[in-house]
Amino acid sequence: MSAGPIHLQPTAPLAERVLLPGDPGRALRLAQTLLREPRMFNHHRGLWGYTGTAAVDDAPLTIQSTGMGGPSAAIVITELAMLGAQRLIRVGTCGALDPTLALGDLVLAREAIADDGTSRALGATGRIAPHPDLAEAIAAGARADLRQGLVVTTDLFYDGESREQDWAAAGALAIEMETATLFTVAMHRNLQAASLLIVSDRVLPSRARIDPDALIQSEERAGEIAAAALSP
């Protein structure tokens with residue numbers, strides 16, 4: 001395998017701090033909201049990324065999409081580390097397992113159950129945690145505007161219903177597809193990492209999906225909190 005990145009092909013400088021949405025469209029929206037004079041950092045393989053000056057503190061910030069699921073996220077995060085990234089926050093979506101969570105709520109992952117193949121292939125077992133300082137910065141910046149606790153990372157978006165009740169019984173607030181992978185790669189690469197999630201779907205007790213406009217509003221709120229948490 002090549003010694004350097006092969007999936008990310010930078011066309012602009014990389015900041016040492018990075019926001020990691022999964023969705024390339026969310027990367028674009030956050031860049032338009034959070035950055036001054038954003039420049040495209042990467043467009044190879046449809047993994048859109050942007051670097052600019054953060055409006056919150058006038059320092060460089062990169063926003064790079066990871067794609068969907070652990071394998072894609074692991075590639076992107078590893079290559080960002082190769083290029084010099086040091087502090088990374090996932091700004092993604094999740095499905096609520098806790099019925100007290102509402103659509104649009106924010107969830108700070110204090111631990112992630114590594115139920116995905118990528119994290120396990122990298123040696124993760126059981127639960128894995130974010131960098132405590134970065135998680136605390138998110139919590140302090142959001143104040144009361146989020147829930148904190150355990151989430152589950154899995155490979156299945158569909159057809160995973162048989163495990164949902166068990167995860168909820170174990171105390172998991174929500175389910176998603178990249179957080180445990182981020183924490184595991186960060187541990188191996190000596191990075192600081194955290195995960196701030198938007199409740200885009202309700203899974204239990206019944207299924208529901210957030211309105212697109214409401215999702216964009218929650219994305220902006222989560223992006224602002226995460227960018228502030230990465231401030232020097």
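Predicted model: local features only at pLDDT ≥ 70, side-chain atom pairs only at ≥ 80, totals over all residues.
The largest pocket has a volume of about 690 Å³. Of the 31 residues that line this pocket, Thr93, Phe157, Met177, Asp201 and Arg209 are the closest to its centre. Several elements contribute to the lining, and at least two residues each are supplied by helix 1 (24–34), strand 5 (87–96), helix 5 (161–169), strand 9 (174–176), strand 10 (192–202) and strand 11 (208–209). The contribution of strand 5, with four residues, is the most that is given to the lining of the largest pocket. By residue class, the lining of the largest pocket divides into 12 nonpolar, seven polar and 12 charged residues.

The volume of the largest cavity is about 40 Å³, and its lining is made up of Leu20, Thr66, Ala73, Ile77, Arg90, Glu178 and Leu182. These lining residues of the largest cavity divide into four nonpolar, one polar and two charged.

Helix 6, which spans residues 179–189, is mostly covered, since eight of its 11 residues are buried. After helix 6 comes Asn190, whose phi is positive, near 60°.

Attention then turns to charged side chains. Side chains of opposite charge can pair when their charged atoms come close. In this model the count comes to 16 salt bridges, taking a side-chain nitrogen of Lys or Arg within 4 Å of a carboxyl oxygen of Asp or Glu as the rule. One of these salt bridges is formed by the side chains of Asp23 and Arg29, at 3.8 Å from N to O. Asp23 has a relative accessible area of 32% and is therefore partly exposed, and Arg29, with a relative accessible area of 28%, is likewise partly exposed.

A salt bridge is also found between Glu111 and Arg127, whose closest N and O atoms are 3.5 Å apart. Because Glu111 lies in strand 6 (residues 106–114) and Arg127 in strand 7 (residues 127–128), the pair ties together parts that are 16 residues apart in sequence. Glu111 counts as partly exposed at 30% relative accessibility, and Arg127 counts as partly exposed at 45%.

In a further salt bridge, between Arg163 and Asp115, the closest N and O atoms are 3.5 Å apart. This pair links distant parts of the chain, 48 residues apart, with Arg163 placed in helix 5 and Asp115 in the loop between strand 6 and helix 3 (117–121). Arg163 counts as partly exposed because its relative accessibility is 35%, whereas Asp115, at 15% relative accessibility, counts as buried, the cut-off for this class being under 20%.

Salt bridges that share partners join Asp23, Arg26, Arg29 and Glu219 into one network. Within this group, Glu219 is placed in helix 7 (residues 212–229) and is buried, with a relative accessible area of 1%. The side chains of Glu219 and Arg29 are joined by a polar contact of 2.9 Å. When residues up to four places away in sequence are not counted, Glu219 touches Arg26, Arg29, Leu30 and Ile198.

A further buried position is that of Leu61, which lies in strand 4 (residues 60–64) and counts as buried because its relative accessibility is 0%. Leaving aside neighbours within four places in sequence, Leu61 is in contact with Ala15, Arg17, Val18, Leu19, Leu35, Tyr50, Thr51, Gly52, Ala54, Ala227 and Leu230. The separation between Leu61 and Arg36 is 25 residues in sequence, and in space it is 9.8 Å from C-alpha to C-alpha.

Note on methods:
Residues numbered from 1 in each chain as written. Heavy atoms only, no water. 1 Å grid on protein atoms, 1.4 Å probe; cavity = no way out; pocket = protein on both sides within 12 Å on 5 of 7 lines; lining within 4 Å. Points joined across faces, edges and corners; volume = space filled by probe spheres on them. Nonpolar A, V, L, I, M, F, W, Y, C, P; charged D, E, K, R; others polar. Buried < 20%, exposed > 50% of the residue type's maximum accessible area, 1.4 Å probe, protein only. Polar contact = N/O pair within 3.5 Å; in protein donor to acceptor, adjacent residues only side chain to side chain. Contact = heavy atoms within 4.5 Å.
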